Amino acid sequence: MKVTLSDEARRYIGLFDEETGVSPTDCLVESDRIVFLIPAGEMADAIGPDGRTVRRVEKKIGRTVDLVEDAETPEAFVENALAPAVVRGVTISEQGDTVAYVEVVEADRGVAIGADGQHIDTARRLARRQHDIDDIQLT
């Protein structure tokens, strides 16, 4: 699936790449934060030692920066998108709509959902853009 980025998202990706040496593959621009999709295996470089690199980007942007690590399979992608919640398993169902059913450790259910549903909404948007997944449901 081809993702179309806004000019603003492309500018943020360029700034992130310039500051970290990591080129995000997707970017969600929200009113209070920016979410970058980081190529698999490059998360440590994007965060930097003790989080210094990502904090430097946050300071330049003036917003919170959230990072999601990309993955090769839709199941692994959904798991990464819901991190740091502990995910026991992801099942993709394609009966009409494509839905990812996610089993999350009960203690981490709130983490997976996030304040006002922000975390799961972000995971849903990224999963739709990257893997044509219509919805994510916690089980």
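Asp116 sits in the loop between α5 (109-113) and α6. Helices (H or I, at least four residues) and strands (E, at least two) are DSSP runs, numbered from the N terminus. The model is predicted: local features need pLDDT of at least 70, side-chain atom pairs count only at pLDDT 80 or more, and totals for chains, interfaces and linings use all residues. Residues are numbered from 1 along each chain as its sequence is written, and side-chain values use heavy atoms, with hydrogens and water left out.

Asp116 is not a glycine, yet its phi is positive, at about 55°. The residue is exposed, with a relative accessible area of 81%. Here buried means under 20% relative accessible area, exposed over 50%, and partly exposed in between (1.4 Å probe, protein chains only). Asp132 also has a positive phi, near 55°, and is a residue other than glycine. Asp132 lies in the loop between α6 and β6 (135-138). Its relative accessibility of 45% makes it partly exposed. A further backbone feature is the cis peptide bond from Ala83 to Pro84, with omega near 15°. Pro84 belongs to the loop between α4 (74-82) and β4 (87-95). Most residues other than glycine have a negative phi, and most peptide bonds are trans.

The protein chain contains 6 helices and 6 strands. From the N terminus on, its elements follow the order α-β-β-α-α-β-α-β-β-α-α-β. The C-alpha trace spans about 40 × 35 × 30 Å along its principal axes. Buried residues account for 42% of the 139 residues. Of the contacts between residues at least 6 apart in sequence, 56% join residues at least 24 apart. A contact means heavy atoms within 4.5 Å.

An open sheet is formed by 3 strands in the order β1-β2-β3, with mixed pairing. β1 (26-29) and β3 (64-69) are the edge strands; each has a single partner strand, so one side of each is left without a neighbour in the sheet. From one strand to the next, the twist averages 20°. Two strands count as paired if DSSP finds at least two bridges between them. Strand β2 (residues 33-38) pairs with β3 in the parallel sense over 6 bridges. Within this pairing, Arg33 stands opposite Thr64 in β3.

Two helices are considered against this sheet. Helix α3 (residues 52-61) packs on the sheet and touches β2 and β3; its direction makes about 135° with that of β3. Helix α6 (residues 118-131) also packs on the sheet, touching β1, β2 and β3, and its direction makes about 140° with that of β1. Axes are lines fitted to C-alpha atoms, for helices over the stretch in contact, and angles run from 0 to 180 degrees between N-to-C directions. Thr122 is part of helix α6. Thr122 is buried, at a relative accessible area of 4%. Residues up to four places away in sequence aside, Thr122 touches Leu28, Glu30, Arg33 and Val35.

The largest nonpolar core has 23 residues, and Val78, Leu82, Val102, Ile136 and Leu138 have the most contacts inside it. At least two residues of this core come from each of β2, α4, β4, β5 (97-104), α6 and β6. Another core, of 16 residues, lies apart from it and includes Ile34, Val54, Val57 and Ile61. A nonpolar core is a set of buried Ala, Val, Leu, Ile, Met, Phe, Trp, Tyr and Cys residues joined through side-chain atoms within 4.5 Å. In soluble globular proteins, nonpolar side chains tend to be buried together. Leaving aside neighbours within four places in sequence, Leu138 is in contact with Leu82, Val102, Val104, Arg109, Ala112, Ile113 and Ile120.

Ser93 is located in strand β4. Ser93 is buried, at 18% relative accessibility. Beyond neighbours within four places in sequence, Ser93 contacts Thr98, Val99 and Tyr101.

An unreviewed UniProt entry places the feature "domain: NusA-like second KH" at residues 74-136. The end C-alpha atoms of residues 74-136 lie 11 Å apart, and the span is 44% helix and 30% strand. UniProt positions are given in the numbering used here, feature names are shortened, and annotations may be inferred rather than shown by experiment.
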